[in-house]
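Visitor: Could you pick one part of this model and go over it closely with me? I'd like to hear how it's put together, and then whatever else you think belongs with it.

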There are 2 protein chains.
Amino acid sequence: MSLNFAQRLDWIETSAIRELFKLLGKPGIISFAGGFPDARLFDVEGIRVAGEAALQSDPGGALQYGATEGYNPLREQISQWMAARGADQVAPEQLIVTTGSQQALDLIGKTMISPGDTVIVEAPTFLATIQCFKLYGANIITLPVDKDGADPEILASLIAQHKPKFVYLIPTFGNPSGATLSLARRRRMLELAVQTQTLLVEDDPYGDLYFDAPPPPSLMALSAQVAGSRDWLVHCGSLSKILSPGLRVGWLIAPAALLGKAVMCKQFSDAATSTYAQATAAAYLASGGLNAALERIRPVYAERAKAMVNALRRELGSAVDFVEPGGGLFVWARLTASGADANLLAKRAIEQGVAFVPGAPFYATNPDPATFRLSFATADVATIEAGVAKLAKAL
Amino acid sequence: MSLNFAQRLDWIETSAIRELFKLLGKPGIISFAGGFPDARLFDVEGIRVAGEAALQSDPGGALQYGATEGYNPLREQISQWMAARGADQVAPEQLIVTTGSQQALDLIGKTMISPGDTVIVEAPTFLATIQCFKLYGANIITLPVDKDGADPEILASLIAQHKPKFVYLIPTFGNPSGATLSLARRRRMLELAVQTQTLLVEDDPYGDLYFDAPPPPSLMALSAQVAGSRDWLVHCGSLSKILSPGLRVGWLIAPAALLGKAVMCKQFSDAATSTYAQATAAAYLASGGLNAALERIRPVYAERAKAMVNALRRELGSAVDFVEPGGGLFVWARLTASGADANLLAKRAIEQGVAFVPGAPFYATNPDPATFRLSFATADVATIEAGVAKLAKAL
């Protein structure tokens, strides 16, 4: 037998990703390859209590079909969570709950992209975003990222040239770049969206995982200061990196017309996000436990990031170039030797007992083969130091 | 501002559905309009205990990102659940967990349908399936249903004429038809799939909700008896109607090549189904509680179905025609008067204080305006009798 699959499957490239996943799970290897938060930092007891409270206070709501838009008590909590982060004008009805922020990306693709439409993303960017948009037929144009994020003047010329359906940015502690868009650039990005009537999609899963100081306000928070920009702004948020990915609770804030279309598409994608998980998340957020959890988590990731940065400097010296991240889960590095190939290094590193992810799949076009991503999130300091020493050996 | 949405949104028709949803929530009205199971029958305590057990025994597994294919202990439980229903050859790796069976349908659409491809569905069928497939550009051809389900000989000629990408059936206690495909027809359907090399999709959310006697084996169970048919068979299952829709746990069984593509698409749709919900479902199934829950639920729905059927006969007599359902949640009825319009009746019924769903949106083509769907699932016997009396008044 042979099945004749949909044409859209020919538009994506997954062999690189499959190769990556093979690196993740090998036993006995120190892994800097994952994109996961550390499960040992999850507030298991707090989530257990929240789940119990949800089933006790609203068993019907937690176990029955729910509105496609999301469980209302959770939408209210997310509205308050956004307000506490400076985005105090997002009413519960201006956001929908999604099955992780991955589904928010999928709904943006489903509602916005016709085959052949142009979309601009950062280079590098989250690889599942690239493939998600390609499945809807996007023609992807890339916008380079430096240590202050993407340059709005370059974006302006790309917009003028390509008239994209939208621009997708991870402005804060970008995955994989680790870069954070400066405040001045944020303002300019919002002005640019209004001037060129171009939709901006802000993906912000990492903003709460800062180390020493909070990052600049999100584009969503800042939009109150740039007249008209809310009409051109979409924001994706998530509990995955700050509470638990297993809940699969994310959210999408968008202009009303887009949000309505996204709800319609979500109805036929999964009907609703698990109300069991949503009611648990709502009870957890209502308990106020998440701020305390973040106070506990931030210094742990900060210490690990510092350990990795110091070890990289000590063990690899001028052989790699990187920007010290101010938050998030990743160090994005580049081999400085001319013609260096991070793929080759990855293979040698595995032999030495350490895994990381080569950078090429994070580029929608023109990959830089010298780049690679290191996650410091799930290993303790001693393991990070041992892993970087192995990396130095491999190099 | 105005956004330029994706072309695929023009392919679906949602005004009828929006109209329907307006009927569902009116306070003070007796509703036969929903498609929900009765939340009062949920095993809240059993689910609470299962959730607790899951977080205690495998907190990492229940709260971390999980494999896109699903949480392995749940895949094993589903494999055993299928085996207990006669499908004893579905290994855990031959199925994936989906975010409700709605996502299984979405993944089938995403992997199989290119714009313009033909898909055959029953008339009537689940309306979210029609819209889901249309969003991927399906050209939908309909196959009429009688009291024994769809006629394989009609299907044979439709296949010959249209060469569909696949055929979608709800063979057991169909939504909305209530009809059940006879054993003889099931065999013939499987033979036809092999002979014509046509993919059959079996959607089976209601099979365990039988009243007096179990229905014939599912196509999946029967496929062991029809050589080669497993290669052409896809099966969608769900815990939504038998345990809780709020968990959003469904599953997809498919030939390996299709399953692999579905996993790839799911990765970019929502990364994974909530592991929190999956681990809870796995613990619940492992406890063996679901059979006991079904023993408790079946007689309740059976009694309500009987009450509705008796009331319809008593109150409406020859004004309506219907087949008494042997399970599921629905009575599918037809006004016998020539030129009768169930839409008109629905409006008059609302005035009388009872809601139901007109049948037209359940037809992908050529709606029969005299049809309508009554759910007996969520009202008790006295309310059902009062509701049908109001319906008679409206008529």
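Guide: Let's start with β10(B) and strand β11 (residues 330-335) of chain B, which pair in the antiparallel sense over three bridges. Two strands count as paired if DSSP finds at least two bridges between them. Strands here are DSSP runs of E of at least two residues, helices are runs of H or I of at least four, and both are numbered from the N terminus. Across this pairing, F322(B) sits opposite A333(B) of β11(B).

Before going on: this is a predicted model, where local features need pLDDT of at least 70 and side-chain atom pairs count only at pLDDT 80 or more, while totals for chains, interfaces and linings use all residues. Residues are numbered from 1 along each chain as its sequence is written, and chains are lettered from A and ligands numbered from 1 in the order in which they are written.

Back to the strands. In general, strands of a sheet pair through backbone hydrogen bonds, either parallel or antiparallel. This pair belongs to an open sheet of four strands in chain B, with antiparallel pairing and the order β10-β11-β14-β13. β10 (320-322) and β13 (357-358) of chain B are at the edges with a single partner strand each, so one side of each has no neighbour in the sheet.

There's a helix to go with it: α13 (residues 342-352) of chain B packs on the sheet and touches β11, β13 and β14 (371-375) of chain B. Touching means contact, with C-beta atoms, placed from the backbone, within 7 Å. The direction of α13(B) makes about 40 degrees with that of β14(B); axes are lines fitted to C-alpha atoms, for helices over the stretch in contact, and angles run from 0 to 180 degrees between N-to-C directions.

Now for the two chains together. Chain A can be laid on chain B with an RMSD of 0.0 Å by a turn of 180 degrees and a shift of 0.0 Å along the axis, superposing by least squares on C-alpha atoms of residues with pLDDT of at least 70 in both. The two copies are thus related as by a two-fold rotation axis. In chain A, the C-alpha nearest that axis belongs to A277(A), at 3.4 Å.

As for the interface, 61 residues of chain A are in contact with 60 residues of chain B. On chain A's side, α10(A) gives the most, with eight residues.

Conventions:
Two residues are in contact if their C-beta atoms, placed from the backbone, lie within 7 Å.
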